[in-house]
Amino acid sequence: LLQVLRFPVVQLHMSRTAMRASEKDFENARNQLKLLMKDPGNEVKLKLYALYKQATEGPCNTPKPSMLDFINKAKWDAWNALGSLPKETARQNYVDLVSSLSPSSESSSQVKPAAANEKQPGSENIIVTSQDGITKIMFNRPTKKNAITTSMYKEIIHALKAASTDNSAITVFTGNGDYYSSGNDLTNFTDVPPNSIEETAKNASILLREFVDAFIDFPKPLVAVINGPAVGIVVTLLGLFDVVYASDKATFHTPFSELGQSPEGCASYTFPKIMGPAKAAEMLILGKKLTAGEACARGLVTEVFPESTFQKEVWTRLKAYAKLPTNSLRISKELIRSNEKEKLHAVNAEECTVLQGRWLSEECMNALMNFVSRKSKL
Ligand SMILES: CCCCCC/C=C/C(=O)SCCNC(=O)CCNC(=O)[C@H](O)C(C)(C)COP(=O)(O)OP(=O)(O)OC[C@H]1O[C@@H](n2cnc3c(N)ncnc32)[C@H](O)[C@@H]1OP(=O)(O)O
């Protein structure tokens, strides 16, 4: 069996290293900032200040300046809004932000103001645009039902990091075509040399953990616009979103047992909290597929819209929300989520460890073989 499954050769360690800014990158970014020709404006300068303080001193720990001390109060608010963002992440976000200000930047994850359908060069499967105060991250692999490849996970991590410090108020995920997403691309696990299986499972577990961490730590309101069926990881992640709008043609399916796998995306913790343990078990253990109406009744979805008016209604609403004061949006999110963060990171770590073992199991390998040989369709 192991001979039949050939896992892809991926370089997850390399990418992981690349995603973490070193002290030297941080120092370079500081120097690069001094060379900027154009004043980036007060909002960006406040973000840079806050990220710098967070990266060097950790969470805001100084007394709040008086209301009349406008400048220091604005700086304090910006730093304080970063909450418990880890120093390392702040350092990376600082480097990303400086890099996005540099005219010579060629970073593929740079989020820039763009026309709604503009594609980022070199990242066709994920399209990131920023307009009207909204950063939109769109799965764009409609011929494969927007299944998520290894490189797409990495691009999304990068896009989230950039979106956390860009000028937008909210960040929205959606899918292009008839599906929101069919979840993990199952061929991520079907083209690997037999002697690399264990290492590949380990690397996939590291990547998954980093991917889910990026959602747990995301500081702005995160909205899912579910345009069609959603399967697997894109469903479990919804417990980490702040608002979920769904078309009435969307469905929600987590067929983990059928795949010989187990839940990820912190769903083993968030789903029982959202819908109660019995309903969560029906989805996560038994793989019951929900309609949008059922998912809304269980509290996983905020609101369901008729497909005929879905896009118009949802985007009109989101554009209005994106005009709300950005700091207030962040601070309210922080209040709602911060108490849970530590727990969520622990749950994520545990789920990734368990999944790593599942990917090496015969049950999982059989399910993947079935998919590849087209014997099994969900
Ligand atoms: C770093 C690793 C992290 C791992 C995280 C753990 C994540 C777990 C999960 O997400 S589990 C869920 C995995 N997803 C699935 O099990 C769905 C599998 N797909 C299907 O069951 C069906 O394709 C379908 C129900 C989504 C759609 O069926 P149908 O309408 O009949 O279309 P097709 O099957 O013909 O699909 C069209 C085309 O897309 C390819 N495709 C669809 N989904 C996936 C997928 N998840 N992975 C890979 N490829 C997918 C399908 O093979 C067809 O390709 P083809 O035209 O044959 O080349």
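Predicted model: local features only at pLDDT ≥ 70, side-chain atom pairs only at ≥ 80, totals over all residues.
**Figure 1. The open sheet of six strands.** The strand order is β1-β2-β3-β4-β6-β9, and the pairing is mixed. β1 (126–131) and β9 (303–305) are the edge strands; each has a single partner strand, so one side of each is left without a neighbour in the sheet. On average, neighbouring strands of this sheet are turned by 20 degrees against each other, direction ignored. Within the sheet, β2 (residues 134–139) and β3 (residues 170–175) run parallel and are joined by six bridges. Opposite Phe139 stands Gly175 in β3.

**Figure 2. Helix α12 across the sheet.** Helix α12 spans residues 310–321 and lies across β2, β3, β4 (222–226), β6 (243–247) and β9. Relative to β6, the helix runs at about 160 degrees. The charged end of Lys136 sits over the ring of Trp315, at 5.2 Å from the ring centre. The rings of Phe305 and Phe310 have centres 6.0 Å apart and planes at 55 degrees, so this pair is tilted. Both Phe305 and Phe310 are buried.

Figure 3. The model contains 13 aromatic pairs. In one of them, the ring centres of Phe173 and Phe215 are 5.4 Å apart with the planes at 40 degrees, so the pair is tilted. Phe173 is in strand β3 and Phe215 in helix α7 (residues 197–216); the pair links distant parts of the chain, 42 residues apart. Phe173 is buried at 1% relative accessibility, and Phe215 is buried with a relative accessible area of 2%. The two residues belong to one aromatic cluster, formed by Phe139, Tyr153, Phe173, Tyr180, Phe211, Phe215 and Phe241.

**Figure 4. Lys75 over the ring of Tyr49.** The charged end of Lys75 is placed over the ring of Tyr49. The distance to the ring centre is 4.9 Å.

**Figure 5. Helix α9 and its cover.** Helix α9 covers residues 267–275, and its buried residues include Ala267, Tyr269, Thr270, Phe271 and Met275. An α-helix has 3.6 residues a turn, so residues three or four places apart point the same way. Among the elements that cover the buried residues of α9 are α8 (233–236), α10 (277–284) and α13 (326–359). Just after α9, Gly276 has a positive phi of about 90 degrees.

**Figure 6. The open sheet of three strands.** The strands are ordered β5-β7-β8, with mixed pairing. β5 (230–231) and β8 (290–291) stand at the edges with a single partner strand each, so one side of each is left without a neighbour in the sheet. β7 (residues 251–253) and β8 run antiparallel and are joined by two bridges. Phe252 has Leu290 in β8 as its bridge partner.

Figure 7. The model has zero disulfides. Cys352 is in no disulfide, and the nearest cysteine sulfur, that of Cys266, is 8.2 Å away. A disulfide would need the two sulfur atoms within 2.5 Å. For Cys364, the closest cysteine sulfur is in Cys352, 14 Å away, too far for a bond. Both side chains sit in buried residues: Cys352 has 2% relative accessibility, and Cys364 has 0%.

**Figure 8. The chain as a whole, for orientation of the close-ups.** The chain contains 14 helices and nine strands. Of its 378 residues, 52% count as buried. Among contacts in the chain with a separation of 6 or more, 75% are accounted for by residues 24 or more positions apart.

Note on methods. Residues numbered from 1 in each chain as written. Heavy atoms only, no water. Buried < 20%, exposed > 50% of the residue type's maximum accessible area, 1.4 Å probe, protein only. Pairing = 2+ DSSP bridges. Helix = DSSP H or I, 4+ residues; strand = E, 2+ residues; numbered from the N terminus. Axes fitted to C-alpha atoms, helices over the stretch in contact; angles between N-to-C directions. Contact = heavy atoms within 4.5 Å. Phe/Tyr/Trp six-rings, centres within 6.5 Å; stacked < 30°, edge-to-face > 60°. Lys NZ or Arg CZ within 6 Å of the ring centre and 35° of its normal.
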